[in-house]
Amino acid sequence: MSMNHTFEEKSIQYEKSLDEVYKKNNGIFYTDIELASSIVDFLNIPKNASIIDPCCGTGSFIYTLLSLGYENVYGCDFDSKTVIKCKNLTGSKNIKKMDTLGLDGETILKKLNHTKFDYVVGNPPYAPLGKEVALNAEEDFVANVKNSGANLFVAAIYRAFEMTKVLSHLFCQKIFYIYRLING
Ligand SMILES: C[S@@+](CC[C@H](N)C(=O)[O-])C[C@H]1O[C@@H](n2cnc3c(N)ncnc32)[C@H](O)[C@@H]1O
């Protein structure tokens, strides 16, 4: 996997440079390329599909998808330094700084100048809402998230529903793990 080596090394190096508390409060934990590749393989996504990772980090999924020949691929992250890193590591121009958990799906799509995506892929942040972990969203959305587990991960799933055409296309690392546990 020498093609992935540079990406992976630089991504790990960047992740290590981040402050531990900042990482914890924002659910920052990047996916290795092997796992991102397994998820993409498993999904068997048509090559012409439009795909977004709304919390893309350094771009493991973006890198994997582009390497496999997907072209209609977008990424967002709320952290401006991470967005620059992702652009550099993946070579993609379709990476935008955006709070994709705080903003509603319609606004995100408008900002990206895109219609609903065919697929949402990724590994969203996992962090329980609390004093240090905020969700800057509309009141009823925050209430829904609080009633369904009170975690950034839940917010990411709800937002994915708002951004994608077919709900079953939503996938992420945790759901993939659950699938693997059930199906062996
Ligand atoms: C678990 S990491 C995964 C990153 C990437 N999807 C991957 O698989 O390597 C979660 C990412 O969500 C980003 N994030 C956290 N809160 C966010 C928000 N409100 N809007 C957009 N991105 C956010 C973090 O900066 C981090 O890069």
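How many residues surround the ligand, and which are the closest? There are 26 residues around the ligand, and the closest are Thr31, Cys55, Gly57, Phe78 and Asn123. A residue is near a molecule if its C-beta atom, placed from the backbone, lies within 6 Å of it. By class, the shell holds 12 nonpolar, 10 polar and four charged residues. Here Ala, Val, Leu, Ile, Met, Phe, Trp, Tyr, Cys and Pro count as nonpolar, Asp, Glu, Lys and Arg as charged, and the others, Gly among them, as polar.

This is a predicted model, in which local features need pLDDT of at least 70 and side-chain atom pairs count only at pLDDT 80 or more, while totals for chains, interfaces and linings use all residues. Residues are numbered from 1 along each chain as its sequence is written.

**The chain as a whole**

The protein chain has nine helices and four strands. Helices (H or I, at least four residues) and strands (E, at least two) are DSSP runs, numbered from the N terminus. Their order along the sequence is α-α-α-β-α-β-α-β-α-β-α-α-α. The chain has 184 residues, of which 35% count as buried. A residue is buried if 20 or more other C-beta atoms lie within 10 Å of its own, exposed if 12 or fewer, and partly exposed in between, with C-beta atoms placed from the backbone. Of the contacts between residues at least 6 apart in sequence, 65% join residues at least 24 apart. Two residues are in contact if their C-beta atoms, placed from the backbone, lie within 7 Å.

**Two helix pairs**

The table gives the packing of two pairs of helices. Axes are lines fitted to C-alpha atoms, for helices over the stretch in contact, and angles run from 0 to 180 degrees between N-to-C directions.

| Pair | Angle | Axis separation |
|---|---|---|
| α3 and α4 | about 60° | 9 Å |
| α6 and α8 | about 60° | 8 Å |

Angles under 35 degrees count as roughly parallel, over 145 as roughly antiparallel, 65 to 115 as roughly perpendicular and the rest as oblique. The crossing of α3 with α4 is right-handed; a crossing is right-handed if the near helix is turned clockwise from the far one by less than a right angle, and left-handed if anticlockwise. Ile33, Ala36, Ser37 and Val40 of α3 make the contact with Ser60, Phe61, Tyr63, Thr64 and Leu65 of α4. These residues comprise six nonpolar, three polar and no charged.

Helix α6 (residues 105-112) and helix α8 (residues 152-163) are likewise oblique to each other, and their crossing is right-handed. Gly105, Glu106, Ile108 and Leu109 of α6 meet Arg159, Glu162 and Met163 of α8. This contact has three nonpolar, one polar and three charged residues.

**Residues in loops**

Asn44, in the loop between α3 (33-43) and β1 (51-53), has a positive phi of about 50° although it is not a glycine. Asn44 counts as exposed because it has 6 C-beta neighbours inside 10 Å. Asn113 lies in the loop between α6 and β4 (119-120), and its phi is also positive, near 55°. With 6 C-beta neighbours inside 10 Å, Asn113 counts as exposed.

Ala127 is in the loop between β4 and α7 (139-147) and counts as buried, with 21 C-beta neighbours inside 10 Å. Leaving aside residues up to four places away in sequence, Ala127 touches Lys24, Asn25, Asn26, Gly27, Val133, Asn151 and Leu152.
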